[in-house]
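Q: Can we go through this structure together? I'd like to begin with charge pairs and then move on to packing and backbone.

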Amino acid sequence: MESTRDNISFEEFKQEVLNDYKLAKVSRHASLLGRKEVLLGKAKFGIFGDGKELAQIAMAKTFQKGDWRSGYYRDQTFMLAAGMLTVEELFAQLYGDTSLERNPSNGGRAMNNHFASRSIAEDGSWKHLSELKNSSADISCTAGQMPRLIGLAYASKYFRNNAALAAFDHLSKNGNEVAFGTIGDASTSEGHFWETINAAGVLQIPMVISVWDDAYGISVPKKLQTTKESISLVLKGFEKQKGTNGIRIYQVKGWDYVGLVKAYQEGVTLSRENHEPVLFHVDELTQPLGHSTSGSHERYKSVEQLNWEKKHDCILKMEEWILEKKIATPTELKQIDEAALKEVRQAQKDAWKVFRSVFDGYKNDLVKLITHRKCQCASQNGEKIDAIMGDLEKVINPVKEDLMRTAKKILRYACNDCFGRRSLSDELREWIREKQLENVSLYSDHLYSKVNSPLHIQKIEPYYSGGMIDENGSDILRRNFDALLENDPRIVVFGEDSGKLGDVNQGLAGLQEKYGENRVADTGIRETTIIGQGIGMAMRGLRPIAEIQYLDYLLYALQTMSDDLATLHWRTVGGQKAPLIVRTRGHRLEGIWHSGSPMSLLINSLRGVHICVPRNMTKAAAFYNALLQCDDPALVIEPLNAYRLKEAVPENLGEFTQPLGVPELMEEGNDITIVTYGSCVRIAQDAMLHLKEFNISVELIDVQTLLPFDVNHTIVESVKKTGKILFFDEDVPGGGTAYMMQKVLEDQKAFYYLDSPPRTLCGRDHRPAYTSDGDYFSNPNADDVFEYVYEMMHEYNPKMYKSLL
């Protein structure tokens with residue numbers, strides 16, 4: 001890096017270097033002061049990017065408008081250098097400030113150094129992403145940021161290779177955007193990293209990964225983490241050679257300011273222009289403050305290691321270089337350091353003052369309410385109330401929890417029978433209710449979209465003309481996907497065997513040939529990055545449908561779906577969205593694999609993702625049509641044994657819709673209600689044919705979606721009529737049926753209308769066994785439904801319904 005670079009003068013060169021030096025100092029002082037704030041009890045936890053300053057400054061020089069970051073909790077210097085973070089915002093994050101004005105990344109819903117830009121306008125529309133510097137929302141899970149990086153980079157390739165998307169220039173400028181990923185060296189041991197590297201090498205996408213290597217993963221040295229103690233050496237087999245795909249690999253020292261700037265300029269330019277993945281192994285970094293505020297690195301590093309790190313601190317090495325090259329004097333550097341420290345201290349003070357003002361307001365309101373009480377409890381329990389308030393006064397920097405606990409304790413002693421005046425109990429209850437509502441909004445809102453939700457979509461029925469045609473269910477799907485792809489160039493479908501084969505059940509047959517490999521694509525067997533590819537593309541304004549071949553394969557990607565996709569809208573307080581549709585198939589095959597129905601696992605792991613369980617392919621198509629108009633992610637589980645069943649072909653393909661959370665009354669009845677979904681609907685219908693012979697009238701309800709579940713509380717209306725209910729599915733005992741029972745009996749208060757105990761019918765504790773016999777004795781079947789219903793009727797009226805078994 002010479003003063004003649006880009007024909008700038010020495011003074012301009014000097015100013016750039018010293019600006020970088022000051023920024024490094026600002027970031028380091030922020031780390032040091034932030035750690036002190038935690039140790040003083042003013043913040044809950046702290047994790048910082050000390051030791052990585054120079055590499056992140058070099059990387060930020062290449063980060064342009066339209067680019068995306070998918071990083072982790074060491075990237076504070078990069079965010080500062082890229083102009084995407086202020087020091088005051090950094091401290092607001094540390095304190096957990098819930099103001100989006102002061103903490104726009106996460107509104108206090110994630111710990112510090114978890115960054116996110118705000119991609120969505122208040123009306124739910126996309127901002128001009130190609131004119132913004134963008135950061136996808138961080139998660140703590142090690143290597144969890146890697147899968148979405150594939151999609152953020154692949155979107156650029158998709159935009160560049162699809163001429164029909166030229167009009168969407170607010171989302172991309174001809175695919176010129178680079179996706180930057182960062183990861184700690186120890187986290188490269190995770191499978192997510194290796195799956196990402198392999199996918200990137202195959203796809204050839206503009207992805208730049210920086211591996212920050214400080215030789216440790218908390219206390220574990222890299223000799224126990226990485227073969228040959230070098231991730232770049234291990235990755236040699238992935239390295240791109242002439243005439244091959246693969247990855248460009250750079251290795252550079254984390255304290256070498258000049259080498260870092262040159263390497264990033266060269267590597268990122270290659271990635272941007274040629275759509276090649278690039279990896280920077282940034283070695284010989286240090287971590288002066290240890291892993292986090294939870295412990296000290298002196299406990300596990302030798303004296304020799306600690307001394308080496310002090311000598312190779314990147315800021316110290318930059319100082320030595322500046323002095324050697326006579327770019328500045330020691331006095332100038334000292335002045336810069338002092339200015340940086342002053343700036344950080346002022347930012348911390350400002351952030352703390354405004355953060356505490358909220359709590360001071362809470363406390364002042366509560367103290368005023370208690371001290372001005374005039375009701376009987378002033379004499380009856382006054383000493384106890386005063387003692388509780390005295391305990392509050394002893395708390396240094398009380399937070400809302402302290403104040404709410406105090407109010408609730410006092411409420412237990414406040415009187416309720418003050419005549420002629422407003423009682424303290426009344427005032428406390430009002431104060432508590434008001435604060436609880438306020439904080440539910442601060443901490444619980446935005447799990448799903450508020451402005452463009454599939455819960456609000458209008459239902460459009462399938463339209464059939466007089467001369468209806470019956471085709472296989474797979475043909476209904478294929479025709480519907482064809483209509484969707486024809487009408488919206490943002491829609492892209494990909495997964496294992498989704499392309500040339502048209503998926504294993506032919507729901508996409510012939511569509512790759514019609515729309516090309518960019519629109520309907522095959523992928524490798526890599527479920528985690530299939531989901532990540534979908535998340536990243538959806539975050540950039542595209543409408544991906546990511547196919548996971550079978551439901552049980554979803555377990556490979558569950559962590560990414562649960563920790564990243566399901567929480568994205570919530571953890572950014574509505575600032576980002578990823579309307580990804582995950583398409584899969586499941587239920588009712590013989591044998592352990594591809595036949596399980598782990599619905600309770602999905603329900604409890606994927607709050608934030610809608611779960612659709614259609615009974616046939618027309619219903620599945622209606623869900624796809626609805627979801628593609630909305631902003632929420634969803635999982636659609638097609639019934640595996642329904643692809644060859646005949647269904648009438650609607651004429652309004654791609655248009656008919658099914659709102660979510662709306663059960664369908666399949667058959668009316670008076671004696672008992674059966675609540676089920678998916679493949680179990682037909683099983684229940686088979687059993688009902690025989691139950692009718694015994695004069696048992698069943699009301700059958702298909703819930704259609706599990707998340708959300710019966711938003712209008714229609715099932716309780718059936719229970720009011722029948723007085724009896726059976727919940728039926730193929731999940732394990734205590735799984736999906738228990739979930740449905742809780743929703744209906746507790747949430748809908750159906751318990752009060754029951755004439756007999758509610759029952760659940762589900763699969764065995766184990767996976768289904770092989771062969772038809774194994775299935776019969778593992779999974780619930782029509783005989784089981786008949787017997788459960790009959791037994792419930794026998795218990796209700798034993799004279800009319802004699803015991804069968």
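Salt bridges, cores and backbone

A: The side chains of Lys61 and Asp20 form a salt bridge, with N to O at 2.8 Å (a salt bridge being a side-chain nitrogen of Lys or Arg within 4 Å of a carboxyl oxygen of Asp or Glu). This is a predicted model, in which local features need pLDDT of at least 70 and side-chain atom pairs count only at pLDDT 80 or more, while totals for chains, interfaces and linings use all residues. Residues are numbered from 1 along each chain as its sequence is written, and side-chain values use heavy atoms, with hydrogens and water left out.

Q: Where do Lys61 and Asp20 sit in the chain?

A: Lys61 is in the loop between helix H2 (53-60) and strand E1 (68-70), and Asp20 is in helix H1 (residues 10-39). The pair links distant parts of the chain, 41 residues apart. Helices (H or I, at least four residues) and strands (E, at least two) are DSSP runs, numbered from the N terminus.

Q: Is Asp20 buried or exposed?

A: Asp20 counts as buried, at 8% relative accessibility. Lys61 is partly exposed, with a relative accessible area of 32%. The cut-offs are under 20% relative accessible area for buried, over 50% for exposed, and partly exposed in between (1.4 Å probe, protein chains only).

Q: How many salt bridges does the structure hold?

A: The structure holds 51 salt bridges. One of them joins Asp213 and Lys222, with the closest N and O atoms 2.9 Å apart, and both of these residues are buried.

Q: And what about Arg759?

A: Arg759 forms a salt bridge with Glu791, where the closest N and O atoms are 3.9 Å apart. The two are 32 residues apart and link distant parts of the chain, with Arg759 in strand E22 and Glu791 in helix H27 (residues 782-796). Arg759 is partly exposed at a relative accessible area of 22%, and Glu791 is partly exposed at 35%.

Q: OK, packing. Which residues touch the most other members in the largest nonpolar core?

A: Ile209, Leu279, Met599, Leu602, Ile611, Leu706 and Met740 do, out of 83 residues in that core. Helix H5 (residues 146-160) supplies the largest share, 9 residues. A nonpolar core here is a set of buried Ala, Val, Leu, Ile, Met, Phe, Trp, Tyr and Cys residues joined through side-chain atoms within 4.5 Å. There is also a second, separate core of 67 residues, which includes Phe78, Leu94, Tyr95 and Val282.

Q: What is Ile611 in contact with?

A: Leaving aside neighbours within four places in sequence, Ile611 is in contact with Met599, Leu602, Ile603, Leu635, Ile637, Thr705, Leu706 and Leu707. Contact means heavy atoms within 4.5 Å.

Q: And where is Ala538?

A: Ala538 is in helix H18 (residues 527-539) and is buried, with a relative accessible area of 0%. Not counting residues up to four places away in sequence, Ala538 touches Trp126, Pro544, Lys577, Ala578, Pro579 and Leu580. The C-alpha atoms of Ala538 and Asp488, 50 residues apart along the chain, are separated by 14 Å.

Q: Switching to helix geometry: how does the span of H8 compare with what it should be?

A: It agrees: the 18 residues of H8 (residues 257-274) should span 26 Å at 1.5 Å a residue, and the end C-alpha atoms are 26 Å apart. The expected span is 1.5 Å times one less than the number of residues. Buried residues in H8 include Tyr257, Leu260, Tyr264 and Arg272. H8 is followed by His275, whose phi is positive, near 55°.

Q: What about positive phi elsewhere?

A: Asn174, a residue other than glycine, has phi near 60°. Asn174 lies in the loop between H5 and strand E3 (179-184) and is partly exposed, with a relative accessible area of 49%. Ala215, also not a glycine, has a positive phi of about 80°, and its place is in the loop between strand E4 (207-212) and strand E5 (216-217). Most residues other than glycine have a negative phi, and most peptide bonds are trans.

Q: Which residues does a cis peptide bond join?

A: Leu707 and Pro708, with omega about 0°. Pro708 is in the loop between strand E20 (705-707) and helix H24 (715-722).
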